[in-house]
Amino acid sequence: MAELLLGPVLRHVDRTSATVWVETDSPCVVTVACEDGVASAATWTVFGHHYVLVVVEGLTPGRSREYRVLLDERTCWPDERSNYPPSVLRTPSADDEERDLNLVFGSCRWSSPPSTEAGEERRLDPDALDTLARRLMRSPDEPLPDALLLLGDQVYADETSRAMQNRLARRRDLDEPPGGQIADFEEYTLLYHESWSDPQIRWLLSTVPSAMIFDDHDVIDDWNTSHAWRADMAATDWWSERIAGALASYWIYQHVGNLDPAALARNEVLAAVRAAAPGEDVGPLLHEFALRADAEAEGKTSTRWSFRRDFGRTRLLMIDSRAGRVLTTDRRAMIGADELAWITEQADEGGYDHLLIGTSLPWLLPSGIHDLESWNEALCAGARGPRLARWSEWLRRAGDLEHWAAFRESFDALSALIGRIALHGPRAGGPAPATVCVLSGDVHHVYAAEAHWLGSGEGPRAGDAAGGAARVYQLTCSPVHNSVPPAIRIGFRFGWGRTATRIGRALAAHARLTPLPVEWTKLGGPWFGNHLMTLTLRGRRATLSLDRAENGRRHRAARLRRVGRATLRGD
């Protein structure tokens, strides 16, 4: 009999449908059943592992109902021995604009089982996602979040736990590259199991819809930093299997569940996987797809990892800021022309009160650090000669200088789009949204900043929001479960200061950079520790809450403590 190995993970949910992801230990037919809907699908096999994505359609809008998962007609979820609350499917109704929409987001979750007891291996504060799950399980009257937005580094392929390294050592010699890092698809499956098997996390993912995007540690630190970086990795004898395993497993465990039913129906890779004959292993198909997708960092654009999700009158555009970079000897771009056109098309379609742009890497950094990265990019391109270019390439990789600021072409393009939408609204018509919020992680600290444009006519100026323009924010929340060394904390604090800003302006002048199209003001931060942010949206109003995971006093359980709350738009 087939057994449930991982999941169920509740992914895309709209008014009449819900998508549930499952991994089993052998081929079977998986059924998801609730009181007003039932759907079944056969698992597909990838290198001996078995997965399925079940789309339950025809659900009644505006209802919450418990659901079950059956393997070959035998109920495997919920476990009859479990004392956890039931997993539920909640579909929004047509008039959900009259209630709060709560979206919880963060990034960078390093997991070592048990996730809340790092012990001697890494002394970390409690896992904020695990702590949220425990709080929700203990408080059945507390409203569940409407979605979890996980903004990168869901797994750490290059920083594995001691327990994981012991497992890897039973497969291969860790004295050979890539050592204690993840090497291939099989090892990625172990990594996802370590991260998602935590009982509280498993329950949380089974009952709160989720949207996910990768960042570098899902693959390797500094992934796709530059053309030179890619050349160095291609010269190794282990990178090909690493990147193939990374992208194939990401497609299975994270990406495919991001898509709505219509996008799933159009997805050619999923169609090929589902069309496989019974017993056929589609591992080679996904391996080839992953290698082809990796080659697109040289400017090709046939694979799109970015996606759109609408929550009533709130639109989320989750942007791939890693795999689709243009990295050639004469050009650097965070996103290619086709990707920018897609983002623009989705933003211009209109019909929303709030536009959320999810990107694992912050659009707006501390001002001094922003100018440093833009200066470095210009020197890498030869703005001050070949000798400084070689040194700057080393600095780019050593200092992780590869955020939006280090891809100035893409920074300016995204800024122009945000500014136009914020002031003039979508081209399809209708007013400007109330807010445009860029949600990010990566940098292992938390901050909020508000953007203002500089009189170019391409976006709102300070005070324009009162006249109908959107308020524009950078909201950065990282990590969910990790840490940052004291020296780097000092650097981030310094980066927001006046001295760093003056140094940054001098660097910009040295590199002969064109003036920035936007300026920004820090509203709060930097804060350090394990955090989650919550956006609460209702009509054109928006508020932001920040919660930090802390150890309980006198042997009490870890808790989430509210450390900040701000009104982003009060209309």
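Strands, like helices, are DSSP runs numbered from the N terminus, a strand (E) having at least two residues and a helix (H or I) at least four. Please keep in mind that this is a predicted model, in which local features need pLDDT of at least 70, side-chain atom pairs count only at pLDDT 80 or more, and totals for chains, interfaces and linings use all residues. Residues are numbered from 1 along each chain as its sequence is written, and side-chain values use heavy atoms, with hydrogens and water left out.

Strand S6 covers residues 49–57 and is joined to S5 by three bridges, the two strands running antiparallel. Two strands are said to pair if DSSP finds at least two bridges between them. S5 and S6 form a hairpin with two residues between them, and Phe47 in the turn has a positive phi of about 50 degrees.

What does S6 pair with besides S5? Strand S2, residues 17–24, is joined to S6 by eight bridges, again antiparallel. Within S6, Val52 stands opposite Val22. Together, four strands form an open sheet in the order S1-S2-S6-S5, with antiparallel pairing. Its edge strands are S1 (4–13) and S5 (44–46), each of which pairs on one side only. From one strand to the next, the twist averages 25 degrees; axes here are lines fitted to C-alpha atoms, for helices over the stretch in contact, and angles run from 0 to 180 degrees between N-to-C directions.

Is S6 mostly covered or mostly open? S6 is mostly covered, with eight of its nine residues buried. Buried means under 20% relative accessible area, exposed means over 50%, and partly exposed lies in between, using a 1.4 Å probe and protein chains only.

I turn now to the aromatic residues. The structure holds 22 aromatic pairs. One of them, between Trp44 and Trp251, is tilted, at 6.0 Å centre to centre and 55 degrees between the planes. Because Trp44 lies in strand S5 and Trp251 in helix H6 (residues 239–255), this pair ties together parts that are 207 residues apart in sequence. Trp44 is buried, at 5% relative accessible area, and Trp251 is buried too, at 1%. Another pair, Phe214 with Trp223, is edge-to-face, at 5.1 Å centre to centre and 80 degrees between the planes. Rings of Phe, Tyr and Trp (its six-membered ring) pair if their centres lie within 6.5 Å; planes under 30 degrees apart count as stacked, over 60 as edge-to-face, and the rest as tilted. Both Phe214 and Trp223 are buried.

Which residues do ring pairs link into a cluster with Trp44? The cluster holds Trp21, Trp44, Tyr51, Tyr192, Trp196, Trp251 and Tyr253.

A charge also sits over a ring. Arg396 lies over the face of Phe407, at 4.9 Å from the ring centre; the criterion is NZ of Lys or CZ of Arg within 6 Å of the ring centre and within 35 degrees of the ring normal.

Finally, strand S22, residues 531–538. Seven of its eight residues are buried, so S22 is largely enclosed by the rest of the structure. Strand S10 (residues 101–106) pairs with S22 in the antiparallel sense over five bridges, Asn102 having Thr536 as its bridge partner. Strand S23 (residues 541–550) pairs with S22 over eight bridges, also antiparallel, and there Thr534 stands opposite Ser545. S22 and S23 form a hairpin with two residues between them, and Gly539 in the turn has a positive phi of about 60 degrees.
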